[in-house]
Amino acid sequence: MTASSDPAGGSATARLIGAEASGIVEAVLEGGPATLPAELRSHRVSPVESKIKVRHYGGYEHFERDPGGAVDGTPAVFRWTGRTRIAE
């Protein structure tokens, strides 16, 4: 991400520090199609986020937070629950 894409004009470091201060956590996606690229399996989400939807091959892959919860310092785990197609 470049500073030019930030409407507030802040630096990437300042945005990262601000995100961590506001409670953003790392999340990983498990399960789903083998064709889902590794770079789409890592996200930063709100600590209260319970679902993640990823656009992939004409549809959306749906993931829900693992109820076991994340241990301090480890990413929250979201497990694949299904796929929906984009209506056109």
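This report looks at strand pairing and salt bridges in a predicted model.

Residues are numbered from 1 along each chain as its sequence is written. Local features need pLDDT of at least 70, side-chain atom pairs count only at pLDDT 80 or more, totals for chains, interfaces and linings use all residues, and side-chain values use heavy atoms, with hydrogens and water left out.

Let's start with the strands, which are DSSP runs (E, at least two residues) numbered from the N terminus. Two of them pair if DSSP finds at least two bridges between them. Strand β5 (residues 76-85) pairs with β1 (residues 25-30) in the parallel sense, over four bridges; here Val 28 has Val 77 as its bridge partner.

Now for the salt bridges (a side-chain nitrogen of Lys or Arg within 4 Å of a carboxyl oxygen of Asp or Glu). The count comes to four, including these:

| Pair | N to O distance |
|---|---|
| Glu 26 and Arg 44 | 2.3 Å |
| Arg 79 and Glu 30 | 2.2 Å |
| Arg 79 and Asp 66 | 2.8 Å |

Arg 79 sits in β5 and Asp 66 in the loop between β4 and β5, 13 residues apart. Glu 30, Asp 66 and Arg 79 are linked in a salt-bridge network.

How exposed are the partners? Buried means under 20% relative accessible area, exposed over 50%, and partly exposed in between (1.4 Å probe, protein chains only). Arg 79 is partly exposed at 38%, and Glu 30 is partly exposed at 34%.
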